[in-house]
Amino acid sequence: MIRILFQGDSITDGGRLKPVESRWDRNHQIGHSYVYPIVGELGRRHPGKYVFINRGLSGDKVSTIGDRWQTDTLDEHPDVLSILLGINGNGNMDGQYPEGAEEHLRVFDAQYRALLDTARAQNPDLKLILIEPFALPVGKLQEHYDDFLAVFSHKQAIIRRIAEDYGAIFIPVQKRLEQLVRETAPILTANGCDTDPCAYWMWDGIHPTEPLHHYLAELWLEAAKDIL
């Protein structure tokens, strides 16, 4: 069987049960994020071919995930490692960092690579899937969104470069999400929905709604089809 491990923050976590003693409860191990429809679809298509593990943890970031990397990643011995990190640890969302934006990005790059280095050292044949972090101008992000993007866009570019350097599959999300907002805005209006099109897909600018989780699952399945 192929072991597929999903790693990340709250977007991946999806409210899954964390305690080891709760792992008997098969209803709540995967959570209700984009991971759930991926697991459901692959499990339906290929019964018994995969073992699915979700170790996303709400609030985590590249600078803190190292504290649990051994137990929640390496000890799981994945054949495929999917990572979505980068939305946390962005200062006050206004583009200002005590250490300076350039140093913040340099450390982010180094820490992300260090995680992949340890995983590849354990399993040289490990297949990597890196998902681009994403955001929309909703909630607290709305006021300083341009300042936020000034740094965050560099972080997105860093992950793209890392994916290239490590031969990983890179799943771009930001531009596709922005296009999705533009395409669905008139549809929402036509359906009598007065919700902000951005908020329809990301209720607070950081966390996806159910439709976006499903869309992420579609992107993931399409990107990963040749390695599964």
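The dialogue below takes these features in turn.

Q: What kind of model is this, and how are residues numbered?
A: This is a predicted model: local features need pLDDT of at least 70, side-chain atom pairs count only at pLDDT 80 or more, and totals for chains, interfaces and linings use all residues. Residues are numbered from 1 along each chain as its sequence is written, and side-chain values use heavy atoms, with hydrogens and water left out.

Q: How is a pair of aromatic rings described?
A: By the distance of the centres and the angle of the planes. Rings of Phe, Tyr and Trp (its six-membered ring) pair if their centres lie within 6.5 Å; planes under 30 degrees apart are stacked, over 60 edge-to-face, and the rest tilted. The structure holds seven such pairs. Take Phe6 and Tyr34: the centres are 6.5 Å apart and the planes at 80 degrees, so this pair is edge-to-face.

Q: Where in the chain do Phe6 and Tyr34 sit?
A: Helices (H or I, at least four residues) and strands (E, at least two) are DSSP runs, numbered from the N terminus. Phe6 is in strand S1 (residues 2–8). Tyr34 is in the loop between helix H1 (10–13) and helix H2 (35–45).

Q: Are Phe6 and Tyr34 buried or exposed?
A: Buried means under 20% relative accessible area, exposed over 50%, and partly exposed in between (1.4 Å probe, protein chains only). Both Phe6 and Tyr34 are buried.

Q: What is the geometry of Phe148 and Phe152?
A: Their ring centres are 4.7 Å apart and their planes at 25 degrees, so the pair is stacked. Both residues lie in helix H6 (residues 145–165), four residues apart, about one turn of the helix.

Q: Which charged residue lies over the face of Phe108?
A: The test is NZ of Lys or CZ of Arg within 6 Å of the ring centre and within 35 degrees of the ring normal. Lys155 lies over Phe108, at 4.7 Å from the ring centre.

Q: How many salt bridges are there?
A: Side chains of opposite charge can pair when their charged atoms come close. A salt bridge is a side-chain nitrogen of Lys or Arg within 4 Å of a carboxyl oxygen of Asp or Glu. The whole structure has ten. One of them joins Glu41 and Arg45 (2.9 Å, N to O). Both lie in helix H2, four residues apart, about one turn of the helix. Glu41 counts as partly exposed because its relative accessibility is 23%. Arg45, at 45%, is partly exposed too.

Q: Which other salt bridges can I look up?
A: Glu103 and Arg106 meet at 2.7 Å, N to O. Both are in helix H4 (residues 101–122), three residues apart. Lys225 and Glu222 meet at 2.8 Å, N to O. Arg3, Arg55 and Glu76 are linked in a network of salt bridges.

Q: Which side chain of opposite charge is nearest to Asp204?
A: Lys and Arg count as positive and Asp and Glu as negative; His and the chain ends are not counted. For Asp204 the nearest is Lys140, 8.4 Å away. Asp204 is buried yet has no salt bridge. Its place is in the loop between helix H8 (197–201) and helix H9 (210–224).
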